[in-house]
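I opened the model to look up a few things. I wanted strand pairing, domain contacts and the chain interface.

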Amino acid sequence: MRVTTRRGLVAVLVASSALLTACSSSPSVGSAPSSGVPPTAVPSSFAPTTVTLLTHDSFALTKTLLTDFTARTGITIKVVNDGDAGELVNKAALTAGNPEGDVLYGVDNTLLSRALEAGVFDPYLSPAAASVPAALTAATAGAVTPVDVGDVCVNLDDTWFAKHQVTPPTTLAELTEPQYKDLLVVENAATSSPGLAFLLATIARFGEGGYQGYWQSLRANGVKVVNGWTEAYEDTFSGGGGKGTRPIVVSYATSPPAEIVYAAGPKPTKPSTSVMTDGCFRQVEYAGVLRGTSNPLAARAVVDFLLSPAVQADVPLSMFVDPAVPGTPLPKVFTDFAAVPAKPLTLDPALIEKNRSAWVDAWDQVTLR
Amino acid sequence: MQPPRARWFAVLPLAFVGIFFAWPLATVLHRGLSPEGLDVLRSAATWRVVRFTTVQALLSTGLTVGLGLPAAYALHRLDFRGRRLLLALLTVPFVLPTVVVGAAFRALLPEPWTGTLAVIVAAHVFFNLAVVIRVVGGFWSHLDDRWEQAARTLGAGPVTVWRTVTWPLLRPAVLAASALVFLFTFTSFGVVLVLGGPTTTTLEVEIYRRTVQLFDLPGAATLCLLQVVAVMAVLLVAGRLQRRLAVRQRLVRAAAATHPVRTVGDRVVLGLTLVESVIVALPILALVVESLRVGDRWGLDWWRALGVEGPTTRDVSAWDSVRVSVSYAVVAVLIAVVVGGAASCAIAYTRRGSDLLDAGLMAPLGTSAVTIGFGLLITFDVAPFDLRGRWIIVPIGQALVAIPLVVRTVLPVLRSLDPRLREVAATLGSSPSRTWRTVDVPVLSRALGVGAGFAAAVSLGEFGATSFLARADAPTLPVQIGRLLSRPGEVNSGQAAALSVVLVAITALVVLAAERWRHPSAGSL
């Protein structure tokens with residue numbers, strides 16, 4: 001098992017950015033056969049054309065960015081929200097070679113192997129990815145370009161801990177201690193993306209031999225499992241406007257700024273929740289050119305666009321994720337309140353794909369039966 | 001006596017269901033089915049899901065029928081003020097989208113209840129009460145009450161009258177309603193996804209999980225087949241039983257069969273119906289309250305926000321969603337009425353094969369929505385029949401769900417048509433086609449009006465199949481509500497509540513408008 005740690009190590013650049021740039025035009029890596037795109041550079045403007053961007057339901061960008069892009073390049077981006085990330089990737093895998101669109105954005109590191117194995121992509125790594133930390137491109141085989149990162153972390157209701165004079169937990173291991181009995185709610189790893197990410201975090205931390213024991217302890221300590229993020233955060237969690245009673249929840253590192261942005265009426269000066277920065281699982285989201293597109297060069301231009309400074313600066317407030325390109329200016333609500341996990345956990349995508357079913361089944365046995 | 005070339009009516013429905021349901025289903029099953037898929041049948045977890053699916057469906061059906069029968073009696077046999085209003089109120093839940101109901105239930109119930117069998121059964125009763133009230137009540141209101149009077153005159157007590165007269169006459173309708181409720185609850189998706197917990201999962205949700213989360217297409221295909229076979233078996237057995245129990249009788253006009261509240265029994269039944277109405281109204285009221293609650297004050301903020309188009313591609317103005325939902329509904333209704341009307345005629349006028357056609361039309365209701373969605377995706381993928389990403393695929397998917405409901409509305413009317421009318425027309429020298437036009441068509445068109453109302457409601461609220469079909473335009477109302485609910489903060493939950501109220505209002509108006517079309521003997525659902 002490979003456990004990488006990064007973020008904060010943002011300065012670690014790809015050993016040879018020149019190599020990557022070269023790779024972008026003559027893909028030699030990845031299992032997917034190329035559709036025969038000539039190794040030309042992506043032009044900066046096109047005769048008016050439309051590129052269909054397949055993405056998940058959480059995708060959002062400021063509309064003016066898209067209209068500016070069209071004015072500058074002649075490319076109109078048609079955004080198609082195609083269900084959650086799992087649905088999106090599975091549909092792409094089923095239609096590999098005869099895709100529904102030209103570009104896919106939103107496959108993450110928990111699903112990447114599935115897409116690569118199915119030959120969904122025409123390998124393309126945007127030259128703009130040269131500045132992206134190596135850890136983000138490590139598992140991609142040059143087939144896709146990382147666009148953003150998000151961390152699934154334990155969130156805490158600060159108000160509850162202050163009121164009950166309990167010291168908030170700081171590590172995954174502490175969550176099994178008696179003072180946190182019946183306080184934690186997590187999502188079902190079998191049905192929820194953050195639920196799976198948290199399970200993967202525990203596997204990355206305690207190892208394949210140790211995670212079941214950890215979940216046994218969590219179960220003994222009264223962990224509650226619900227089906228989705230909405231049920232966990234909005235119904236069962238006591239903070240962040242949630243209607244529930246449990247002060248510890250699995251959510252995102254960006255949930256505290258989201259609490260401010262989506263608050264009703266006058267914005268609170270600070271969030272009522274905070275993030276436990278230990279035990280976060282890092283999700284990386286990628287974009288790629290779909291194999292079989294009739295418009296490969298314009299599709300590459302759209303992937304480049306997703307890594308452009310304007311889009312990178314837009315993703316925090318439109319999607320509540322962190323930009324992949326280091327040095328991108330962040331909004332104040334992010335710099336003030338979004339947590340930056342020092343050592344986020346991650347696992348090799350191929351390992352995840354290989355074991356997902358068995359891990360989830362074992363987790364189900366230990367935690368729910 | 002048959003109208004001209006009655007069998008030709010079957011061509012259109014067979015072609016539609018064949019092309020847009022059977023073919024995609026066969027394609028996806030062919031792609032998925034493999035010996036390794038059978039492993040799923042050897043797993044204890046699968047049988048836990050099958051057991052839970054069956055248990056909750058039986059409980060939901062039993063409870064829905066038990067609570068629905070008194071209400072059906074009160075609303076169709078008793079005469080009291082406000083009867084129509086209560087009938088409309090108890091019908092609205094059936095056409096509400098599951099995301100809305102799920103949100104409303106979650107807002108009302110204390111947290112420890114979430115994910116329990118009790119909550120799922122309660123939500124199923126809430127949804128399906130209308131099915132029992134409509135199907136059984138519609139039939140009950142036409143029962144000639146002189147049979148009961150005769151029994152009473154001969155000295156039978158109320159229990160004996162019920163046991164020996166009313167129940168045997170009513171049994172086929174109760175069975176029909178039970179079969180429908182069982183079908184809806186056995187294949188329940190939205191309710192279970194929103195209100196269920198990790199250990200309370202139906203087959204439909206498990207198929208979704210295997211398809212979307214695990215990409216286990218062999219397992220999903222096996223379970224999908226298992227579910228379709230189970231559902232069709234139950235429907236066919238229920239159909240057979242229904243015909244065996246059917247009692248030939250003269251039905252009377254609805255008004256002739258109602259009577260004022262007289263006995264203690266009547267009062268008890270009426271009281272129970274009122275309590276049920278209040279309980280049904282609560283979740284809807286909770287939504288209205290939530291849409292008006294801004295922080296710790298009251299206000300119209302969320303309602304105003306509906307008209308504002310936000311800055312990102314994900315922010316859709318509510319009116320765009322309304323426009324999209326309504327235009328899909330118009331197309332879906334057109335398809336459902338034309339295809340469903342033709343199917344009803346085919347079933348009513350022909351003997352051979354009409355059972356099978358009827359069952360075939362019901363099959364989409366028993367099939368996993370995600371399976372149909374994926375099937376459409378890999379079937380219609382070659383130009384010029386590349387329908388992926390085209391808007392038309394959405395109303396087509398909605399029509400598949402609405403057609404059986406149109407058939408259920410129209411068929412009883414066609415069957416109840418007095419054959420002597422046609423004989424008289426023929427005796428007077430009318431040609432068969434002219435007889436059909438002058439006798440059947442006027443009745444048919446009224447029934448289709450009612451069916452159109454239900455089709456529109458189904459289309460507006462549909463969250464299963466269509467949420468798996470991608471499109472570039474604005475999301476439908478239920479999908480947009482689902483998206484708002486998946487983000488934190490009061491801004492999103494408040495707008496979701498306001499949008500839900502909009503959806504409830506539109507659906508309720510459509511259903512009430514369709515009710516005005518109702519033929520006195522119209523079948524109901």
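**Entry 1: a strand in chain A**

I looked at strand β6 (residues 184–187) of chain A: Leu184(A) and Val186(A) point one way, Val185(A) and Glu187(A) the other way, and all are buried. I count a residue as buried if 20 or more other C-beta atoms lie within 10 Å of its own, as exposed if 12 or fewer do, and as partly exposed in between, with C-beta atoms placed from the backbone. Strands (E, at least two residues) and helices (H or I, at least four) are DSSP runs, numbered from the N terminus.

This is a predicted model: local features need pLDDT of at least 70, side-chain atom pairs count only at pLDDT 80 or more, and totals for chains, interfaces and linings use all residues. Residues are numbered from 1 along each chain as its sequence is written, while chains are lettered from A and ligands numbered from 1 in the order in which they are written.

Next I checked the partners of β6(A). Strand β8 (residues 248–252) of chain A runs parallel to β6(A), and two bridges join them. Pairing requires that DSSP finds at least two bridges between two strands. In β8(A), Ile248(A) stands opposite Leu184(A). β7(A) also pairs with β6(A) in the parallel sense, over three bridges. There, Lys224(A) stands opposite Val185(A).

**Entry 2: domains of chain A**

I read off domain 1 (17–149 + 283–329) and domain 2 (151–282 + 340–368) for chain A. The bounds come from an automatic or database domain assignment. Their C-alpha centres lie 29 Å apart in chain A. Domain 1 of chain A gives 13 residues to the contact and domain 2 of chain A gives 17. A contact here means two residues with C-beta atoms, placed from the backbone, within 7 Å. On the side of domain 1 of chain A that touches domain 2 of chain A, α4 (112–117) and β9 (273–290) each supply at least two residues.

**Entry 3: chain A against chain B**

How many residues of chain A are in contact with chain B? I found 50, against 42 residues of chain B. Several elements of chain A each supply at least two residues to this side, including α2 (63–73), α3 (85–94) and α14 (349–368). α9(A) gives the most, with seven residues. By class, this side of chain A has 18 nonpolar, 20 polar and 12 charged residues. Nonpolar covers Ala, Val, Leu, Ile, Met, Phe, Trp, Tyr, Cys and Pro; charged covers Asp, Glu, Lys and Arg; the others, Gly among them, are polar.

**Entry 4: chain B**

I noted 21 helices and four strands in chain B. The radius of gyration of chain B is 23 Å, close to the 24 Å of the globule rule for 525 residues, so chain B is as compact as a globular protein of that length. I take the radius over C-alpha atoms, and the rule is 2.2 Å times the number of residues to the power 0.38. Buried residues make up 51% of chain B.

Chain B splits into domain 1 (1–25 + 305–525) and domain 2 (33–299). The C-alpha centres of these two domains of chain B lie 21 Å apart. 40 residues of domain 1 of chain B touch 43 of domain 2 of chain B. Which helix gives the largest share of the domain 1 side in chain B? I found α21(B), with 13 residues. That side of domain 1 of chain B holds 24 nonpolar, 14 polar and two charged residues.
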